[in-house]
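Here are my notes on this model. Please read them with the structure open.

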Amino acid sequence: MARNLVRFDPLAGLDALRRELFDDALLPVTRGRIPTTDVYMEGDKSLIVEAHLPNFDEKDVTVTVDRGALVIQAERREKEEDKEKKYVIRESSSSFYRSIVLPEQADESKIAADFVKGVLKVTVPLQESASPRNISIGTSSSSS
């Protein structure tokens, strides 16, 4: 009788669900529509943040620095009125938000941003940090 028992695994269905949701067949469809953000160093001189915003115009994008974080926001609204159709107004909107904590040596006063062909490139210059210095260790003479 014990040979016919099947062990119940309550999490077995999750693996199938994961494959169904994140299968390679689904990702190519959504990959082009989801904005991506790349954050990388350019040498030791600056931090670069690139936000790929293909469906936004420059007027839709704002870049701010708030409490040591770089905040990128984009919002686009479309409004269409058509008197021939049964609806009065047709609206759609899309938005994007990223907050990136800046390193301590970021020079916030010299941050620059460019928006070219749907790619926002923010350059955060880094100040030269103080180099570590060696502290000599002396010997203390104690009389006993």
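Is Ser46 buried or exposed? The points below start there and then widen to the whole chain.

1. The model is predicted. In it, Ser46 has a relative accessibility of 7%. The cut-off for buried is under 20%, so Ser46 counts as buried.

2. Ser46 belongs to strand S2, which covers residues 46-52.

3. The chain has 2 helices and 7 strands. Read from the N terminus, the order is α-α-β-β-β-β-β-β-β.

4. The largest nonpolar core has 18 residues. Those that touch the most other members are Leu53, Val61, Ile72, Phe96, Leu120 and Val122. At least two residues of this core come from each of S2, strand S4 (69-81), strand S5 (89-101) and strand S7 (119-125).

5. Take Phe96 from that list. Setting aside residues up to four places away in sequence, its contacts include two other residues on the list, Leu53 and Ile72. Phe96 also touches Pro35, Thr37, Ala51, Phe56, Gln73 and Ala74.

6. Of the 144 residues in the chain, 19% are buried. The accessible surface is about 12,300 Å². Carbon and sulfur atoms hold 50% of that surface.

Notes
Residues are numbered from 1 along each chain as its sequence is written. This is a predicted model: local features need pLDDT of at least 70, side-chain atom pairs count only at pLDDT 80 or more; totals for chains, interfaces and linings use all residues. Side-chain values use heavy atoms; hydrogens and water are left out. Helices (H or I, at least four residues) and strands (E, at least two) are DSSP runs, numbered from the N terminus. Buried means under 20% relative accessible area, exposed over 50%, partly exposed in between (1.4 Å probe, protein chains only). Accessible areas come from the Shrake-Rupley method with a 1.4 Å probe; for residues, only the protein chains shown count as cover. A nonpolar core is a set of buried Ala, Val, Leu, Ile, Met, Phe, Trp, Tyr and Cys residues joined through side-chain atoms within 4.5 Å. Contact means heavy atoms within 4.5 Å.
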